Amino acid sequence: MFRTFLERLDSLLFRFRRASSGRCRYSGNYLDGHASYYYDTDLTGCRVYEGFFRYTKEVYDYSDGKTLYEVKGNFYKNKRNGRWSFSRKSQHGKRILYIDYVNGMQSGCYVYKSYESSFGLLHNSEAVYLSLSMRNGKPVGEVSGCFGKCVLTAVFDDAGLPDGKWKMDISASGACRVDHEIWNHGTLVDAYSVDMSTGDRLVRSERIEPFVRSFIYGYCAPLEGLLEKGTDVWYWDFGQN
């Protein structure tokens with residue numbers, strides 16, 4: 001009975017997606033994994049992706065064992081549109097990235113979440129979260145993040161450049177300090193740390209922006225880049241056209 005219910009549900013979902021998707025459907029080998037998607041064919045015989053798309057692949061890694069990747073979202077005339085999800089799951093935990101697109105451009109939410117027993121920038125089991133907004137492929141507005149015991153707050157201007165006050169609070173960790181950076185539309189004005197145990201202020205070079213940049217490049221971009229079709233993957237090239 002339960003199996004029959006699942007079959008009916010799958011049939012209903014198929015009809016729903018079919019109604020708002022291309023006239024043809026493909027399901028089979030795709031790149032180095034498997035994909036199911038809808039498409040139309042243009043006058044030259046080329047496929048135009050239209051509607052729901054799902055891509056999965058499974059790899060084996062010496063340290064992580066079996067690792068599963070999944071990409072889900074919708075295409076409109078070969079461009080990503082709406083909310084897409086990109087995930088990686090292994091025996092150590094799961095990473096997932098959500099991105100909103102408008103006509104192939106990152107526009108809307110850009111949210112990364114993970115909980116893993118081994119995380120490259122932290123130790124032991126730590127929850128990781130990064131949230132920002134995108135507009136026409138550039139970050140804008142407020143940024144918030146949590147990297148274990150490190151809490152991030154930052155701001156981008158309307159041109160996608162670091163602006164205003166950036167802060168990384170790591171006072172709950174063994175470092176017991178808060179890092180600060182002051183930006184003026186992409187120009188670093190001041191950078192210093194406050195030792196929360198002594199109250200001392202120490203002038204230093206920038207630390208927060210390079211950390212966030214390396215995080216995007218090393219953890220978020222590889223997930224978005226599991227499938228390159230329909231967009232230009234964002235590698236932290238803020239403020240550029």
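## Helix H2

Helices (H or I, at least four residues) and strands (E, at least two) are DSSP runs, numbered from the N terminus. The model is predicted: local features need pLDDT of at least 70 and side-chain atom pairs count only at pLDDT 80 or more, while totals for chains, interfaces and linings use all residues. Residues are numbered from 1 along each chain as its sequence is written, and side-chain values use heavy atoms, with hydrogens and water left out.

H2 has a kink of about 35 degrees centred on Ile 216; the bend at a residue is the angle between axes fitted to the seven residues ending there and the seven starting there. Among the buried residues of H2 are Val 212, Phe 215, Ile 216, Tyr 219 and Leu 223. Buried means under 20% relative accessible area, exposed over 50%, and partly exposed in between (1.4 Å probe, protein chains only).

## Nonpolar core

The largest nonpolar core holds 42 residues, and Phe 53, Tyr 110, Tyr 112 and Leu 152 have the most contacts inside it. Helix H2 (residues 208-224) gives the most to this core, with seven residues. A nonpolar core is a set of buried Ala, Val, Leu, Ile, Met, Phe, Trp, Tyr and Cys residues joined through side-chain atoms within 4.5 Å.

Strand E2 (residues 33-41) runs antiparallel to E3, joined by seven bridges; two strands pair if DSSP finds at least two bridges between them. Thr 41 has Arg 47 in E3 as its bridge partner. Five residues separate the strands in the E2 and E3 hairpin, where Gly 45 takes a positive phi near 90 degrees.

E3 and E4 are also antiparallel, over eleven bridges, and form a hairpin with three residues between them. Glu 58 is partnered by Leu 68 in E4.

## Asp 64

Asp 64 is in the loop between strand E3 (47-61) and strand E4 (65-76). Asp 64 is buried, at a relative accessible area of 13%. Leaving aside residues up to four places away in sequence, Asp 64 touches Arg 88, Ser 90, Gln 91 and His 92, where contact means heavy atoms within 4.5 Å.

The side chain of Asp 64 makes polar contacts with those of Arg 88, at 2.5 Å, and His 92, at 3.4 Å. A polar contact is a pair of N or O atoms within 3.5 Å; within protein, one must be able to donate a hydrogen and the other to accept it, and residues adjacent in sequence count only if both atoms are side-chain atoms.
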